[in-house]
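Thanks for coming. I will go through one model today, chain by chain where that helps, and keep to what can be computed from the atoms or taken from a record.

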Amino acid sequence: MTYQVPWLSLLIWLPVIGGCILLFSTGEKKQTFSKWFALTVAIATFLLTIPVYLAFDNTTAALQFVERDIWFDSLNIEYFLGIDGFSLPLIMLTSFIAVIVVIAGWRSIEHRVAMYLAAFLMMSGLMNGVFASADAILFYVFWEAMLIPMFLVIGIWGGPNRVYATIKFFLYTFLGSVLMLIALIYLGIEAQSFSIKSMQQLPLPMNAQHYIFWAFLLAFAVKVPMWPVHTWLPDAHVEAPTGGSVVLAAIMLKMGTYGFVRFSLPVTPDASFYWADMMIVLSLVAIVYIGLVALAQKDMKKLIAYSSIAHMGFVVLGFFIVFALATDNKTDAAIMGLQGGLVQMLSHGFISGALFLCIGVLYDRLHSRQINDYGGVANAMPKFAALFMVFAMANAGLPGTSGFVGEFLVILSSFQTNIWYALLAATTLILGAAYTLFMYRRVMFGAAKNKKIAALDDLSPREFCMLLLLAILVIMFGVWPAPMFDVMNSSVEHLVECGIQSKLTLEGMCIE
Amino acid sequence: MQTTLLTIVLLPLMGALIAGLFGKQIGERGAHGVTIIGVGVACLLSFQLMWGMIEGDIPNVNLTIYQWGTMGGLSLEVGFLLDSLSALMLCVVTFVSLMVHIYTIGYMKGDPGYQRFFSYISLFTFAMLMLVLANNFLQLFFGWEAVGLVSYLLIGFWFKKDSAVFANLKAFLVNRVGDFGFLIGIAGVLYYFGSLDYQTVFAQATVVAAEGATLSLGFGEWSAITFICICLFIGAMGKSAQVPLHVWLPDSMEGPTPISALIHAATMVTAGVFMVSRMSPLFELSTTALSFVLIIGAITAFFMGLLGIVQNDIKRVVAYSTLSQLGYMVAALGASAYAASMFHLMTHAFFKALLFLAAGSVIVGMHHVQDIRKMGNIRKYMPITWITALIGTLALVGMPFFSGFYSKDAIIEAVGHASLVGSDFAYYCLLFGVFFTALYSFRMFFLVFHTKERMNADTRQHLQESPRVIWIPLVLLAIPSVMIAWWTAEPLLFGNFFNDAIRVQPEHNTLAMVSRQFVDVWSFALHGFQTLPFWLMMAGLFTALLVYVIKPSLSESIANQFAPLKRLLDNHYYFDAFNQKVIVPITMMAGKGLSKFGDEKLIDGLAVNGSAKLVNAVGQISRKFQSGYLYHYALMMLIGLLAASIWFFWPQLNV
């Protein structure tokens with residue numbers, strides 16, 4: 001066998017090690033060095049994803065770039081990495097967002113810059129680990145480990161109420177995932193292997209599936225976050241520094257929905273089917289209820305946080321309508337629902353990340369997130385106004401932006417399940433536009449509210465580049481989303497045809 | 001063919017991008033130069049295509065440009081469908097857009113957002129062309145929302161004005177309500193037809209209708225086709241401003257006048273009419289939906305026309321007139337006279353763009369005074385504007401031989417032949433609408449161009465004819481406003497121009513019934529002098545003459561006599577008040593309520609912080625047991641031992 005480049009290990013450990021090195025260069029004098037170092041590491045990591053993308057085989061749902069080694073022999077735990085169509089786009093997103101976050105923190109972070117950047121580099125590596133793990137315990141380790149840098153980022157560089165927010169954030173997410181660990185251990189013992197694949201192929205009786213489904217659900221629902229376990233998110237966002245909010249919104253939330261496609265649906269298909277109606281109702285509540293709540297927000301970050309919850313509702317909705325569709329033999333619609341949910345994850349990564357950056361741009365200048373403190377910003381910042389408009393429209397789901405693609409597909413496929421699902425989900429067309437543009441109007445339009453606003457500086461070249469990059473992606477994937485579908489297609493089809501089939505009888509299961 | 005179509009669509013986009021992104025570098029001349037060349041070439045190519053299609057050299061084309069995405073067996077594409085319907089729209093859109101581009105050079109002169117404005121209107125042209133050329137519902141929806149976006153940007157073009165940014169948000173949200181229906185309609189199309197491609201869907205239309213699929217919403221069973229058509233039409237109601245989703249259009253007049261002409265009169269607002277014509281194979285299968293369309297259109301035509309009489313802002317008069325005319329078009333759709341509707345769309349595009357631009361010319365002359373009570377006798381100062389406005393007005397009221405006459409007469413006659421539920425009501429609405437159309441049109445015309453001068457001395461001093469870039473488009477639009485129908489009425493209305501694009505069931509074919517009386521365009525117009533609409537129009541004209549010119553005191557006494565009616569009209573039938581006082585507050589209250597009680601009190605207060613408090617309380621109690629005194633622990637041990645032994649020995653003790 002020829003020597004293989006361990007691409008996935010590189011993607012995980014390069015930023016983590018880079019982060020460790022940065023920690024030792026904490027001297028305040030070396031600020032510029034640490035910034036450039038962090039940027040180099042982040043860009044290098046992102047560049048590594050390109051050969052992976054190019055060599056990725058779209059035609060199979062099997063794991064690729066596999067690295068497999070024994071970790072704890074006695075417990076059957078392995079260092080087992082591999083990616084498929086669900087994980088590759090998320091790894092690319094994570095590595096890309098890491099670059100953006102490093103650029104975003106260039107000026108706005110003033111103390112302990114090296115540590116700040118180190119935390120983000122490590123976080124991005126660990127998140128890559130979450131998406132690349134093919135062993136459940138390894139997955140769990142990354143899953144929990146990445147909480148630590150996030151916890152520190154909010155706790156150290158956060159706003160005035162950061163302690164409450166961090167504890168809330170940590171307890172919420174940690175309590176959720178402890179039960180997942182128990183479920184994973186149970187599954188590992190039953191399957192005599194901790195490889196996720198073997199868990200997916202493990203036949204399970206109904207009552208076991210119920211318990212496991214709920215254990216997973218608590219972990220994932222908190223991360224997504226789903227109504228009613230969402231209240232940590234607005235608080236965490238409000239207190240987090242800009243970079244923290246970007247990573248939180250763009251990637252961390254996706255870990256929850258990734259968990260659904262990786263574990264809940266294929267490991268416990270019957271329980272997922274059983275609880276699908278509840279999941280759908282909860283996502284619809286997220287879309288409608290949270291959409292209304294977003295309308296009432298006075299803090300920009302809170303508003304976008306709520307909007308995130310509503311948009312993530314579409315992901316969960318798209319995932320859980322597949323059961324009804326698949327049993328009804330509407331395979332195409334089921335695939336469309338899943339694709340829609342997955343595309344929504346990526347698109348939301350770009351859009352919410354960009355919106356938090358936009359708020360960061362304003363916050364850096366006026367140190368306020370209150371909508372009422374602004375007004376007429378467009379007068380002084382025309383470039384910013386144009387880019388912010390792109391993201392606002394994308395958030396409102398305008399066709400031609402990536403924000404439209406996922407919502408459109410999910411609405412189309414939910415119509416095929418139950419027309420009321422579609423009707424309720426489609427309210428986002430009105431609510432999403434209302435809260436986003438209402439905020440845009442009050443912040444950007446009108447005469448400049450005071451002298452400070454009239455004297456604002458427009459985007460610096462650094463800020464302009466980072467927002468422009470995101471804007472190009474948002475529009476490109478809106479006009480031509482085919483590349484996203486192509487990468488995911490095989491994995492999605494496999495999930496619909498095999499993954500979600502009943503495990504109660506052996507005949508129903510796909511044997512590979 | 002693919003290259004031609006792509007050129008037509010992409011040139012305006014290029015222009016928009018260059019003017020928008022490099023506006024500073026290329027300057028004002030560069031910005032208008034590049035966009036005008038783009039739209040101009042697109043216009044030339046469109047007319048060339050149209051000519052080729054009339055001559056029969058160019059066949060209908062349906063081609064795919066690229067694949068947007070595939071999910072399972074479903075492939076969504078971006079592609080173009082060129083047939084008589086889209087060719088006609090191409091010509092109308094690019095021509096009016098070109099006129100507006102040229103006009104804008106004069107109108108927006110010196111505005112700090114000059115380049116941005118050109119970028120927007122070119123972008124709009126691109127979006128509108130994508131809409132009309134679409135060969136599938138996905139792209140239709142893209143164009144549909146994209147024109148909405150540009151409309152939003154342009155209404156709020158002067159974003160420092162609070163009224164402008166209020167109006168653009170309102171326009172976007174009201175349109176989104178319509179789009180809500182539209183999207184559901186599209187979802188329905190995919191569900192019942194398994195495709196979003198026009199040709200596939202239309203080919204299956206009769207089959208699906210024959211299957212009689214129904215769906216249940218919890219209240220009654222709906223025929224699937226009816227449901228889809230009504231949902232799609234709700235989208236049209238937003239975009240084409242039909243009651244009750246019309247409320248955004250009058251406010252959209254906050255935008256600069258050129259876009260009122262282009263977007264809010266000639267093209268975008270007619271997208272709904274175009275869409276329903278495009279969907280004629282579906283709408284024809286549901287008389288319920290057609291009735292609905294007919295009644296909504298008729299209501300809009302009549303009641304919005306009535307509002308035109310009480311407006312004093314020159315642009316708002318024209319805006320209400322647009323609403324009313326859109327109502328005529330929509331009513332024609334309901335009567336299955338799609339061709340008449342499209343024909344009126346075309347003539348209206350010319351004469352209404354003309355009227356708006358003429359109004360703009362007056363506004364420029366008056367230094368942005370828009371109140372017609374402060375005008376008068378402008379004919380003396382602006383002769384070209386006066387004569388072109390007169391032509392526009394005559395076309396609008398439907399004077400025989402003018403283009404508007406042919407289209408409006410065909411609509412009224414066709415609706416008269418319709419035999420749907422509500423067609424009598426619709427017929428009378430449209431008929432008496434003619435009287436009010438003439439009344440408000442001539443009221444405005446007289447008050448602006450005749451009667452005594454009421455402007456202040458300063459304005460009067462500077463009053464003069466607008467520059468050439470402004471009046472040339474007026475003249476170029478005035479020509480088709482008079483003559484376009486002379487050659488097009490016959491093929492479009494009664495000929496077979498639309499045969500392959502519009503499908504009409506023989507039993508609904510109201511235009512065929514009208515065509516029985518049709519010999520040629522001249523006798524049609526001569527015959528027009530003997531019909532009721534003509535006399536109603538004359539009555540309107542003379543009423544306007546009497547009330548506003550000969551005896552101005554009359555208007556006040558009439559207003560006093562009908563005070564309650566006047567109040568109703570002044571408040572636009574209280575639609576705005578209802579939205580502002582009921583819908584918006586209820587929504588905001590729901591948001592605040594859920595935020596306060598749902599999130600803060602219930603989830604955070606009770607569940608999250610509550611459980612934290614509970615843990616704390618348990619801790620507070622249990623720490624009392626950790627007193628540190630040995631005898632406390634000894635006592636606890638004793639109690640524990642006792643409890644354990646009782647529990648253990650209880651069964652034996654009982655025996």
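Over residues 133–428 of chain A, the chain is 80% helix and 0% strand, and the end C-alpha atoms are 34 Å apart. Helices here are DSSP runs of H or I with at least four residues, strands are runs of E with at least two, and both are numbered from the N terminus. That range comes from UniProt, where an unreviewed entry lists it as "domain: NADH:quinone oxidoreductase/Mrp antiporter transmembrane". UniProt positions are given in the numbering used here, feature names are shortened, and annotations may be inferred rather than shown by experiment.

Some conventions before going on. This is a predicted model, in which local features need pLDDT of at least 70 and side-chain atom pairs count only at pLDDT 80 or more, while totals for chains, interfaces and linings use all residues. Residues are numbered from 1 along each chain as its sequence is written, chains are lettered from A and ligands numbered from 1 in the order in which they are written, and side-chain values use heavy atoms, with hydrogens and water left out.

Chain B also has a UniProt feature, again from an unreviewed entry: "domain: NADH-Ubiquinone oxidoreductase (complex I) chain 5 N-terminal", at residues 68–118. Over residues 68–118 the chain is 57% helix and 25% strand, with the end C-alpha atoms 29 Å apart.

For chain B as a whole, the secondary structure comes to 27 helices and four strands. Its C-alpha atoms fill a box of roughly 115 × 65 × 60 Å along the principal axes. Of the 655 residues of chain B, 59% count as buried. Buried means under 20% relative accessible area, exposed over 50%, and partly exposed in between, with a 1.4 Å probe and protein chains only. Among contacts in chain B with a separation of 6 or more, 79% join residues 24 or more positions apart; a contact means heavy atoms within 4.5 Å.

The domain assignment of chain B gives domain 1 (1–550) and domain 2 (576–650). These bounds come from an automatic or database domain assignment. The C-alpha centres of the two domains of chain B lie 62 Å apart.

Now the backbone. Most residues other than glycine have a negative phi, and most peptide bonds are trans. In chain A, the peptide bond from A:V224 to A:P225 is cis, with omega near -15 degrees. The bond from A:W227 to A:P228 is cis too, with omega near 0 degrees. A:P225 is in the loop between α9 (206–223) and α10 (232–239) of chain A, and A:P228 is found in the loop between α9 and α10 as well.

In chain B, B:H367 has a positive phi of about 55 degrees, although it is not a glycine. For B:H368, phi is near 65 degrees. B:H367 is in the loop between α15 (338–365) and α16 (383–397) of chain B, and B:H368 is found in the loop between α15 and α16. B:H368 counts as partly exposed, at 47% relative accessibility.

Next, the packing. How many residues does the largest nonpolar core have? The count is 466, and those with the most contacts inside it are A:F320, A:F384 and B:F283. The largest share of this core, 20 residues, comes from helix α15 (residues 331–366) of chain A. A nonpolar core is a set of buried Ala, Val, Leu, Ile, Met, Phe, Trp, Tyr and Cys residues joined through side-chain atoms within 4.5 Å. Leaving aside neighbours within four places in sequence, B:F283 is in contact with residues including B:C229, B:F233 and B:Y338.

B:C229 is buried, with a relative accessible area of 0%. For A:C465 the closest cysteine sulfur is in A:C358, 14 Å away, so that is too far for a bond. A:C465 is partly exposed, at a relative accessible area of 47%.

Last, B:M237. This residue is found in helix α8 (residues 224–239) of chain B and is buried, with a relative accessible area of 5%. Leaving aside neighbours within four places in sequence, B:M237 is in contact with B:Q242, B:V243, B:P244, B:L245, B:F292 and B:I296.

How values were computed: A disulfide is a pair of cysteine sulfur atoms within 2.5 Å.
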